[in-house]
Amino acid sequence: MRLLASVRSANEVQAAVSGGADIIDAKEPNRGSLGAVNPEVFVQIQARVPLDLELSAALGDVTSPLQVHAIMEAFGVAPRLTSMFLKLGFSAVSRPRHIRALLELACSVAREMENPSPRVIAVAYADHEIAGCADPGTIWDVAGEAGVAGVLMDTWSKDGRHLFDWIEPGRVRDLVNQARCAGLLTALAGGLGQEQLPAVCRVDPDIVGFRGALCQGGREGQINRARVRRLKTLLEVSGSVHQPN
């Protein structure tokens, strides 16, 4: 499993990188679960991330083709040696056909961007009823049909509860296996911390994302190198313990 660290500014990048994060993710926590940073802030973050380290960006929730075009084209993605991921959610969108069309458009726009083309990640919310969107199983199905690179299970609400307060680990494991069979990259996030690592490792996604657990002062605090390093170490230890025989 790779550790994804969500940073809100270029000032947080060095702590995340030196702490051992495998993927640096640009996200503004004050704007919700998938809050996008301003395009100029993304340029600054992108410039600080080593070219051989994977980079991702939360682009927010989209409901229309116009939004997809506007938000993706606002983010200037410079050429990199590794993958660049763009994450899209669908709060307030419940119809599978609509979600699939938005994802197909996002993939089309991504293919026209700088080489190598960014890879689109479809985000599903475990608390989908609160988010007013389709359930994770539906998102998984349409994501595979739309041609995205991967899927992320997250939480829309950030109220102190974590992913497994909303959905059973066994169900998440089934969805991860389903996505893998479809050739999709799999990721988990949503208020996760040290206490949830055993469940995360049993699910065994490709990527696990953190923000609050890496910060001094919670989700809206500052990324702390020691916290990144500790969680990275614990993730490696927990992963080895839960490896199948």
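Start by selecting Arg180 and Asp206. Their side chains meet in a salt bridge, 3.3 Å from N to O. A salt bridge here is a side-chain nitrogen of Lys or Arg within 4 Å of a carboxyl oxygen of Asp or Glu. The pair links distant parts of the chain, 26 residues apart: Arg180 sits in helix H8 (residues 169-181), and Asp206 sits in the loop between helix H9 (197-203) and E8. Helices (H or I, at least four residues) and strands (E, at least two) are DSSP runs, numbered from the N terminus.

Arg180 is partly exposed, with a relative accessible area of 30%. Asp206 also counts as partly exposed, at 22% relative accessibility. Buried means under 20% relative accessible area, exposed over 50%, and partly exposed in between (1.4 Å probe, protein chains only).

A word on what is on screen. This is a predicted model, where local features need pLDDT of at least 70, side-chain atom pairs count only at pLDDT 80 or more, and totals for chains, interfaces and linings use all residues. Residues are numbered from 1 along each chain as its sequence is written, and side-chain values use heavy atoms, with hydrogens and water left out.

The structure holds 11 salt bridges. Select Glu12 and Arg211 next. Their closest N and O atoms are 2.7 Å apart, in a salt bridge. This pair also links distant parts of the chain, 199 residues apart. Glu12 is in the loop between strand E1 (2-7) and helix H1 (13-19), while Arg211 is in the loop between strand E8 (207-210) and strand E9 (215-216). Both Glu12 and Arg211 are buried.

Now select Asp25 and Lys87. They form a salt bridge, with the closest N and O atoms 3.0 Å apart. Asp25 lies in strand E2 (residues 23-26) and Lys87 in strand E4 (residues 84-89), so the pair ties together parts that are 62 residues apart in sequence. Asp25 is buried, and Lys87 is buried too.

Then pick Asp22, Lys232 and Glu236. A network of salt bridges links them.

**The nonpolar cores**

A nonpolar core is a set of buried Ala, Val, Leu, Ile, Met, Phe, Trp, Tyr and Cys residues joined through side-chain atoms within 4.5 Å. Which residues touch the most other members of the largest nonpolar core? Select Phe42, Ile45, Met72, Phe90, Leu103 and Phe164 to see them, out of 74 residues in that core. Helix H4 (residues 96-111) gives the most to this core, with 8 residues.

Zoom in on Ile45. Leaving out residues up to four places away in sequence, its contacts (heavy atoms within 4.5 Å) include Val7, Ala26, Val37 and Leu55.

A second, separate core has 16 residues, among them Leu34, Tyr125, Cys133 and Ala189.

**Thr155**

Select Thr155, in the loop between strand E6 (150-154) and helix H7 (163-166). Is Thr155 buried or exposed? Thr155 counts as buried, at 0% relative accessibility. Its side chain makes a polar contact with the side chain of Lys158, at 3.1 Å. A polar contact is a pair of N or O atoms within 3.5 Å; within protein, one must be able to donate a hydrogen and the other to accept it, and residues adjacent in sequence count only if both atoms are side-chain atoms. A polar atom of the Thr155 side chain also lies 3.4 Å from the backbone oxygen of Ser157.

**Glu114**

Finish at Glu114, in the loop between H4 and strand E5 (119-125). Glu114 counts as partly exposed, at 47% relative accessibility.
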